[in-house]
Amino acid sequence: MAALYACTKCHQRFPFEALSQGQQLCKECRIAHPVVKCTYCRTEYQQESKTNTICKKCAQNVQLYGTPKPCQYCNIIAAFIGNKCQRCTNSEKKYGPPYSCEQCKQQCAFDRKDDRKKVDGKLLCWLCTLSYKRVLQKTKEQRKHLSSSSRAGHQEKEQYSRLSGGGHYTSFSPDLALDSPGTDHFVIIAQLKEEVATLKKMLHQKDQMILEKEKKITELKADFQYQESQMRAKMNQMEKTHKEVTEQLQAKNRELLKQAAALSKSKKSEKSGAITSP
C-alpha cells in the first residue's frame with residue numbers, strides 16, 4: 001500500500017503525487033485557496049477568502065500607516081512610509097541608487113554587481129525578473145510537453161512504418177522541432193502576454209485610485225456646498241435679526257423723543273403759569 005501524506009491545509013491524507021509542490025496542498029485546497037498576487041506589494045500569497053486581496057503584511061501596514069502610495073521608483077502601490085516601498089528602500093541601502101530596467105525602462109533596477117544574479121545577463125527590476133522567470137518556467141513545461149508528445153508520435157510513426165513495411169521512413173527529432181524559430185516566437189509572445197497582464201493590473205489599480213480620488217473630491221465639494229449654504233442661511237438670519245432689532249430700537253428712540261418733548265413742553269407751561277399768578 002502506497003504511503004499517504006497530509007495536506008497542510010485540511011490535514012486529510014493523499015498520495016504524494018496528489019499534493020502540490022512546496023506547500024503540499026490537495027486539489028480542493030488549491031482551488032479554495034489559490035496563490036494570488038497582493039494588490040499592493042505584488043508578492044504571491046495563499047488567499048484565505050475571495051474578498052481578501054492583500055497579503056497579511058500589507059494588511060498590518062494598512063492598519064498602522066493607512067493606504068499606501070505608489071513607490072517613486074517601481075510604481076508599485078506599496079509606499080506605506082515616505083515615497084518608496086520597503087523593497088526599493090532596502091535595495092537602495094544595499095546596492096545604491098537604481099538603474100533603468102532593460103525591460104520596462106523604469107528607473108527601478110538595482111545592480112547587485114554579480115552577473116550570476118542577472119537574468120540572462122540583463123539588468124531587470126523585481127517585477128520584470130519574476131515575469132521573465134515565469135515565462136521561462138512555462139516555456140520549459142510546454143517544451144517538455146511537446147517533447148513527450150513528439151516522442152509518442154515518433155514511436156507511433158515508427159510502429160506504423162514497421163507494420164506497413166515502409167523502409168524509407170526518416171526519424172524525426174523532437175529537439176530539432178523545439179529549436180525551431182517558432183519556439184522563440186512562442187517565448188516572445190508568452191512574455192508579451194505576461195507584460196500586458198501586468199500592465200492591465202497596474203492600469204486597473206491606477207483607475208481605482210483615480211475613482212477613489214474623484215469620489216473624495218465629490219464628497220468634499222458636496223460638504224463645502226452644504227457648509228456654504230448653511231453659512232449663507234445663518235448670515236441671512238443674523239442680518240434679518242439685526243434689522244429687526246435696529247427697527248425696534250429706532251421706534252423706541254422716537255417714542256422716547258416724543259415723551260421728552262412732551263415733558264419739556266409741560267414744564268415750560270408750568271413755569272409761565274407760576275410767573276403770571278401773582
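Q: How do the residues of the lining of the largest pocket divide into nonpolar, polar and charged?

A: There are 19 nonpolar, seven polar and nine charged residues in that lining. Here Ala, Val, Leu, Ile, Met, Phe, Trp, Tyr, Cys and Pro count as nonpolar, Asp, Glu, Lys and Arg as charged, and the others, Gly among them, as polar. Please note that this is a predicted model, in which local features need pLDDT of at least 70 and side-chain atom pairs count only at pLDDT 80 or more, while totals for chains, interfaces and linings use all residues. Residues are numbered from 1 along each chain as its sequence is written, and side-chain values use heavy atoms, with hydrogens and water left out.

Q: Which residues lie nearest the centre of the largest pocket?

A: Leu124, Cys125, Trp126, Leu127 and Cys128 do, out of 35 lining residues. A pocket is an open set of points on a 1 Å grid over the protein atoms alone, with protein on both sides within 12 Å along at least five of seven lines; a cavity is a set where a 1.4 Å probe fits but cannot get out, and lining residues have an atom within 4 Å of a point.

Q: What volume does the largest pocket have?

A: About 680 Å³, the volume being the space filled by probe spheres set on grid points, which are joined across faces, edges and corners.

Q: Which element gives the most to that lining?

A: Helix α4 (126-164) does, with seven residues. Helices (H or I, at least four residues) and strands (E, at least two) are DSSP runs, numbered from the N terminus.

Q: And the second largest pocket: which residues are closest to its centre?

A: Thr39, Tyr40, Ile77, Gln205 and Gln208 are, among 21 lining residues. The space in this second largest pocket is about 500 Å³. Its largest share of lining, seven residues, comes from α6.

Q: Changing topic, how many cavities of 30 Å³ or more does a search of the whole structure find?

A: One. The largest cavity holds about 70 Å³ of space.

Q: Which residues line the largest cavity?

A: They are Arg42, Pro70, Asn75, Ile76, Ile77, Leu127, Met202, Gln205 and Lys206. By class, five are nonpolar, two polar and two charged. Helix α6 supplies the largest share, three residues.

Q: One last point, on α3: which of its residues are buried?

A: Cys88, Thr89 and Ser91 are buried in α3 (residues 86-95), where buried means under 20% relative accessible area (1.4 Å probe, protein chains only). The helix is followed by Gly96, whose phi is positive, near 95°.

Note on methods. Buried < 20%, exposed > 50% of the residue type's maximum accessible area, 1.4 Å probe, protein only.
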